[in-house]
Amino acid sequence: MRPVVAAPDSVLSRAGDPVDPLDPEIVALAADLVATMRVAPGCVGLAAPQVGVSAQVFVVDVTGHPRARTCHGTVALCNAEVVEASRWQKGREGCMSVPDLTGDVKRAGHLVVRGTPPGTGEPITLTTDAFEARAFQHEIDHCAGLLFLDRVPGPHAIFARKVYL
Amino acid sequence: MRQTTQVNELAITVVGRDRPGIIADVSAALSRLGLNLTDSTMTLLRGHFAMTLICVGEVDESDVLGMLEPLTADGGLLATAHRVPPEPSGANTGAPYTLLVHGADRLGIVAAVTGVMAEIGGNVTDLTTRLSGTLYLLSAEIDLPSSADFDELLTKLDEVADRLGVEVSLRSGDADVL
């Protein structure tokens, strides 16, 4: 488990470095991300910059989430990129690194992502939709130094967070 | 009540301690005066209730303040009312852009960023800021004149962002007309 950093920490605004998925430190980082995500109530994804490491690694797990359709369980990916994005839909997002705000962000409801699981040298391609697609896009943004705040469409799309899970 | 027959446009603000029912009370008072609420915004700013309205009716500012007096008498709410000349609406000539700034809170972020916009004749049409912990967030809609040099503007915004240590983005807010 690692402490989660919050905006305005500059690590969150820096594009993460590409990583070697076979590097034992990266494998350990991914394991720590999973452990940290598990203990945070309601957390469905966590990216390396959120624990202060500027690297393109993230984990996602939307198991049991009411807005999820396709679900790949616990997924960890290095150097992930969006291959296809379509069916854009607005939805309200929060983030552990922006704890008191939420925002309406358009995300693709259909998504194809390619990346390499830590500990392997083989890239995989995942096709997903709905809430899992949103989670992937949110985490890939973190790896590129972007917060959901960077994608809100205007002054009236940011809200005070009301519910703490 | 004094008789007035002239139709006035009135700018009214009500700010103060929040509680359920302020909007219902204020709008009922304005309604009793025959005032028509045209454009308004009502929100909470750091827990303070704030409403700004443009109303039209055959009354003047003293009538409004008199009608709101029961609500403001205990000092919980502050109300102002002023007659304003009608403005042409919907006459935007510029191209719409959305500006977003976030970073560590420090003095002068809004002044520096909007100063860059003002220099090139950019008109802020909507702006909100929020302080969340140490994170400061500014989001605005801006009409930029067609004469504006967009690349030069981005360069200037980047300079300001570097100096303030904040992230700035500016993107086109053009609507798709269907």
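A residue is called buried here if 20 or more other C-beta atoms lie within 10 Å of its own, exposed if 12 or fewer do, and partly exposed in between, with the C-beta atoms placed from the backbone. By that rule, buried residues make up 23% of the 178 residues in chain B, while 42% of the 165 residues of chain A count as buried. This is a predicted model, in which local features need pLDDT of at least 70 and side-chain atom pairs count only at pLDDT 80 or more, whereas totals for chains, interfaces and linings use all residues. Residues are numbered from 1 along each chain as its sequence is written, and chains are lettered from A and ligands numbered from 1 in the order in which they are written.

**Chain A overall**

- The secondary structure of chain A consists of two helices and six strands, where helices (H or I, at least four residues) and strands (E, at least two) are DSSP runs numbered from the N terminus.
- Along the sequence, these elements of chain A follow the pattern α-β-β-β-β-β-α-β.
- The radius of gyration of chain A is 15 Å, which agrees with the value near 15 Å for a compact globule of 165 residues; the radius is taken over C-alpha atoms, and the globule rule is 2.2 Å times the number of residues to the power 0.38.
- Taken along the principal axes, the C-alpha atoms of chain A fill a box of roughly 45 × 30 × 25 Å.
- Among contacts in chain A between residues at least 6 apart in sequence, 68% join residues at least 24 apart, a contact being two residues whose C-beta atoms, placed from the backbone, lie within 7 Å.

**Gly16 of chain A**

- Gly16(A) is found in the segment before helix H1 (24-39) of chain A, and Gly16(A) counts as buried because 21 other C-beta atoms lie within 10 Å.
- Once neighbours within four places in sequence are left aside, Gly16(A) is in contact with Ala48(A), Pro49(A), Ser54(A), Ala55(A), Gln56(A), Cys143(A) and Gly145(A).
- Gly16(A) and Asp129(A) are 113 residues apart along the chain, and their C-alpha atoms are separated by 25 Å.

**Where the chains meet**

- In the contact between the chains, 14 residues of chain A touch 20 residues of chain B.
- Strand S4 (residues 98-116) of chain A supplies three residues, the largest share of the side of chain A that touches chain B.
- That side of chain A divides into 10 nonpolar, two polar and two charged residues, with Ala, Val, Leu, Ile, Met, Phe, Trp, Tyr, Cys and Pro counted as nonpolar, Asp, Glu, Lys and Arg as charged, and the others, Gly among them, as polar.

**Chain B overall**

- Chain B has four helices and eight strands, which follow the pattern β-α-β-β-α-β-β-α-β-β-α-β along the sequence.
- The radius of gyration of chain B is 20 Å, whereas a compact globule of 178 residues would have one near 16 Å.
- The C-alpha trace of chain B spans about 60 × 40 × 30 Å along its principal axes.
- Of the contacts in chain B with a separation of 6 or more, 70% are accounted for by residues 24 or more positions apart.
- An unreviewed UniProt entry lists residues 11-86 and 98-171 of chain B under "domain: ACT", and such annotations may be inferred rather than shown by experiment.
- The span 11-86 of chain B is 30% helix and 45% strand, with its end C-alpha atoms 10 Å apart, and the span 98-171 of chain B is 35% helix and 45% strand, with its end C-alpha atoms 5 Å apart.

**A four-stranded sheet in chain B**

- An open sheet of four strands in chain B has the order S2-S3-S1-S4 with antiparallel pairing, two strands being paired if DSSP finds at least two bridges between them.
- Strand S2 (36-45) and strand S4 (77-83) of chain B stand at the edges with a single partner strand each, so one side of each is left without a neighbour in the sheet.
- S2(B) and strand S3 (residues 48-57) of chain B pair over eight bridges in the antiparallel sense, and Ser40(B) stands opposite Leu53(B) in S3(B).
- S1(B) and S3(B) run antiparallel and are joined by 10 bridges, with Phe49(B) in S3(B) as the bridge partner of Gly16(B).
- S1(B) and S4(B) also run antiparallel, joined by seven bridges, and Val14(B) stands opposite Ala79(B) in S4(B).
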